[in-house]
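Trainee: I would like to go through the charged pairs in this model and check the labels against their criteria. Can we start with the total?

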Amino acid sequence: MTRSPGISPSELCRLSASEAARLIERRELGSEELVGACLERIAAREPEIGAWTHLAPEAALARARELDAKASGGVLHGLPVGVKDVIDTAAMPTAYGSPIYDGHRPARDAPCVVRLQAAGAVVLGKTVSTELATWNPGGTANPLDPRRTPGGSSSGSAAAVADGMVPLALGSQTAGSTIRPASFCGIVGLKPTHGRLDVSGVKPLSARLDTLGLLARTVADVRLLGAALGGWEARDGAIPERAPSLAFVRTPWWERAEPEGRRALQDAARRLADAGARVSDRELPPEFAALPDAHDTVMAFDTARSLEHEYREHGKQLSETLRAYIERGMEIAPAAAAGAATLARECRARLEAMLAEHDALLTPAVLGEAPQGLGHTGDPLFCRPWTLLGAPAISVPGPVGAAGLPIGVQLVGAPDRDAGLIAAAVWVQDTLR
């Protein structure tokens, strides 16, 4: 087994995926050693954090030894990865965060898992999801303050990355399920353009909204993970050519943010401008004010139909919250959902026009710091519009609030300009860090 000179197991667990990949490529670090350090961290911290539904330590170590015996190949060669429990894995149970599917073993891996394996990743296990990737939390705690939520629905993936259990993890987003937990846990979360990454084999809620989510410690790491999944080339967005042009958009929902959340974003805008970014105050067109409600209409309508089997055949095993949400979605007329989708298409065109002049919008990711308690996952308000528009969005750690917890800064790019958004986010992260 390759030994890393002078790096303790605790330091190994804090390496970014990009740093670890470089050490592995240079044969200064072995995958077995890195995987072992992550498993030690999980053993020490999992009782308090509760990020995992299933672990496969023996299989992971065997895979790591196999990779150490080979020349470095794929972009994730030897790197440990966590996979959200709504993503199918043939070798591990996939319960979709619901007792309905306890012990369920899919017949095949989701294509995104196949791509992870082909890129040389080591899948450590499955991370906690909320119930069927909706609202009811799975008990995961925020590593920065275990009395607070890590967000959701990609709760376990975000917590595992933030706590040093794994450098990379897959999540998903239908409302704010990647951006919000990344913000609450002080890591980077990327929701690519809708449709850019294959979501086959991911438990569906809404074909119009569902998107894979990428969680890591740095923007460079989510870029690497997205490249492995076929979203872009490995070098796309790697090095920003200049300071970005950012449209500072407070949004029509600005007053619903907590004072700390508003203060954090304003502070970030000031610091970015002082460092050379071109930051312009911009107002969204008036019709954007209706986007959160339009998103909720589309999501409730689609979810009621995607989860009709679970509701009809296993309704007693669903939480009261999810049953009520499905029932509300069943009452939405198709014309109402179609009208919401039409508004989304119109606003998407206006967003693209606005971003012809800017690299990204600078906008809130969350209302404020992670809320107290584990009984809810926070409000996805500031994520809903961009998810409905199918635009790429990324949360980068920003200033801290009154409790000393991070408040993420959200950058939103034009659809299909993911590489440009990533490049802007690299610059923003480096500046705020």
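Mentor: The structure holds 28 salt bridges. Keep in mind that this is a predicted model.

Trainee: Why is the contact between Glu48 and Arg45 called a salt bridge?

Mentor: The closest N and O atoms of Glu48 and Arg45 are 2.9 Å apart. The criterion asks for a side-chain nitrogen of Lys or Arg within 4 Å of a carboxyl oxygen of Asp or Glu, so the label applies.

Trainee: How are Glu48 and Arg45 placed in helix H3?

Mentor: They are three residues apart in H3 (residues 31–49), which means about one helical turn separates them.

Trainee: What makes Glu48 partly exposed, and what makes Arg45 buried?

Mentor: Glu48 has 43% relative accessibility. Arg45 has a relative accessible area of 19%. Buried means under 20%, so Arg45 is buried.

Trainee: Which residues are linked with Arg45 and Glu48 in a network of salt bridges?

Mentor: Arg41 and Asp163 belong to that network together with Arg45 and Glu48.

Trainee: How do you know that Lys203 and Glu310 form a salt bridge?

Mentor: Their closest N and O atoms are 2.6 Å apart. The limit is within 4 Å, so the pair qualifies.

Trainee: What makes this a link between distant parts of the chain?

Mentor: Lys203 is in the loop between strand S5 (188–191) and strand S6 (211–216), while Glu310 is in helix H11 (residues 308–314), and the two are 107 residues apart.

Trainee: Are Lys203 and Glu310 buried or exposed?

Mentor: Lys203 has 16% relative accessibility and Glu310 has 2%. With buried set at under 20%, both residues therefore count as buried.

Trainee: Why does the salt bridge of Asp296 and Arg328 tie together separate parts of the sequence?

Mentor: The closest N and O atoms of Asp296 and Arg328 are 2.9 Å apart. Asp296 lies in helix H10 (residues 291–306) and Arg328 in helix H12 (residues 320–331), so the pair joins parts that are 32 residues apart in sequence. Asp296 is buried at 17%, whereas Arg328 is partly exposed at 36%.

Trainee: What makes helix H6 mostly covered?

Mentor: Eight of the eight residues of H6 (residues 155–162) are buried. Among them are Ser155, Gly156 and Val161.

Trainee: Which residue just after H6 takes a positive phi?

Mentor: Gly164 does, with a phi of about 85 degrees.

Note on methods:
Residues numbered from 1 in each chain as written. Predicted model: local features only at pLDDT ≥ 70, side-chain atom pairs only at ≥ 80, totals over all residues. Heavy atoms only, no water. Helix = DSSP H or I, 4+ residues; strand = E, 2+ residues; numbered from the N terminus. Buried < 20%, exposed > 50% of the residue type's maximum accessible area, 1.4 Å probe, protein only.
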